[in-house]
Amino acid sequence: MKNILLPTDFSDTAINAMDYAVQLFKDELCTFYVLNTFTPVALYTTSIYEGNTSLNIDIGELYRQQSETNVSKAIDHIKSKYNNVKHTFQGVSSYNLLTLEIAEMVTGYNIDCIVMGTKGASGLKEVFLGSETMHVIKKATIPVIGVPDSYQYRDLKDVLFATDYNTGDTQKGLALLEELCASHISRLIFLNAYYGVQLDKNQLKNKEALNTYFKRDAHLNEIADGMDVLEAIEDFQSKHRIDLLVIVHNKHNFFENLLFTPVIRKIVHHSSVPFMILPPTSKI
């Protein structure tokens with residue numbers, strides 16, 4: 001049984017991500033938790049009303065009722081559209097910040113994966129399900145799958161895993177990835193950006209460990225010579241169709257994060273295909 005968390009703001013982007021999730025896990029017994037968080041601005045302006053708490057309570061309750069109604073509508077939409085007996089749904093409306101509520105639910109509901117929509121950013125403009133996805137990824141202790149705006153589901157035939165081989169078969173989230181590859185009969189491609197420096201002993205050990213871990217799945221190893229991670233991914237996608245991009249959000253020090261975070265941000269805001277971000281094995 002899988003427990004999948006679906007954060008939503010009821011936008012078309014969010015509903016599309018829900019559609020993607022139920023199709024991705026169509027052959028799995030799953031409970032989907034449809035989550036909406038709300039933080040009414042009026043609740044922060046109590047001084048304006050000279051301590052009139054009844055007004056604030058009414059406003060808060062109004063937001064809650066509206067959230068619960070929209071969550072129910074979203075669930076009804078999904079259930080009527082797919083009618084999968086393997087899937088059950090539970091709505092959650094919470095007066096909380098999204099990242100805080102997700103952290104509580106991951107522990108309290110034993111969540112296996114978060115699936116949410118993301119929309120491209122241009123210039124300084126970042127819509128909710130773009131910037132919020134970044135916040136969720138930074139805090140997540142489980143895999144996060146992002147679904148680009150308007151992406152139409154297609155089965156996982158080719159999965160691209162961009163890796164530096166600094167994590168082996170103990171990387172958190174690998175079990176979910178392997179299960180997806182097995183259930184969809186996917187081909188997994190490990191892509192390593194190469195700068196002329198040979199893999200060290202630890203990286204070679206991790207590479208072999210990954211090959212062994214995914215031994216029941218069709219997989220191969222590719223090298224992108226003289227490219228950074230983003231260039232390697234873009235070059236590969238220009239030549240091959242992929243259905244899911246996978247990358248590890250490694251635990252980095254401050255200076256490494258200055259380089260790594262833009263990679264994640266670029267993927268979140270500009271990827272044309274769904275992506276899975278695997279969390280660090282341990283959090284700082």
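Predicted model: local features only at pLDDT ≥ 70, side-chain atom pairs only at ≥ 80, totals over all residues.
View 1. The chain has eight helices and 10 strands. Of its 284 residues, 49% are buried. The chain exposes about 14300 Å². Carbon and sulfur atoms supply 53% of that area.

**View 2. The Phe161–Phe190 ring pair.** Eight aromatic pairs turn up in a search of the whole structure. Phe161 and Phe190 form a tilted pair. Their ring centres lie 5.5 Å apart, and their planes meet at 40 degrees. Why tilted? Planes under 30 degrees apart would count as stacked and those over 60 as edge-to-face, so a pair at 40 degrees is tilted.

**View 3. Two strands linked by the pair.** Phe161 sits in strand β6, residues 158-162. Phe190 belongs to strand β7, residues 187-194.

View 4. Are Phe161 and Phe190 buried or exposed? Phe161 has a relative accessible area of 2%. For Phe190 the value is 0%. The cut-off for buried is under 20%, so both Phe161 and Phe190 are buried.

**View 5. The aromatic cluster around the pair.** Which residues form one aromatic cluster with Phe161 and Phe190? Tyr213 and Phe214 complete the cluster.

Definitions and conventions. Residues numbered from 1 in each chain as written. Heavy atoms only, no water. Phe/Tyr/Trp six-rings, centres within 6.5 Å; stacked < 30°, edge-to-face > 60°. Helix = DSSP H or I, 4+ residues; strand = E, 2+ residues; numbered from the N terminus. Buried < 20%, exposed > 50% of the residue type's maximum accessible area, 1.4 Å probe, protein only. Areas by Shrake-Rupley, 256 points an atom, 1.4 Å probe, with all protein chains shown as cover.
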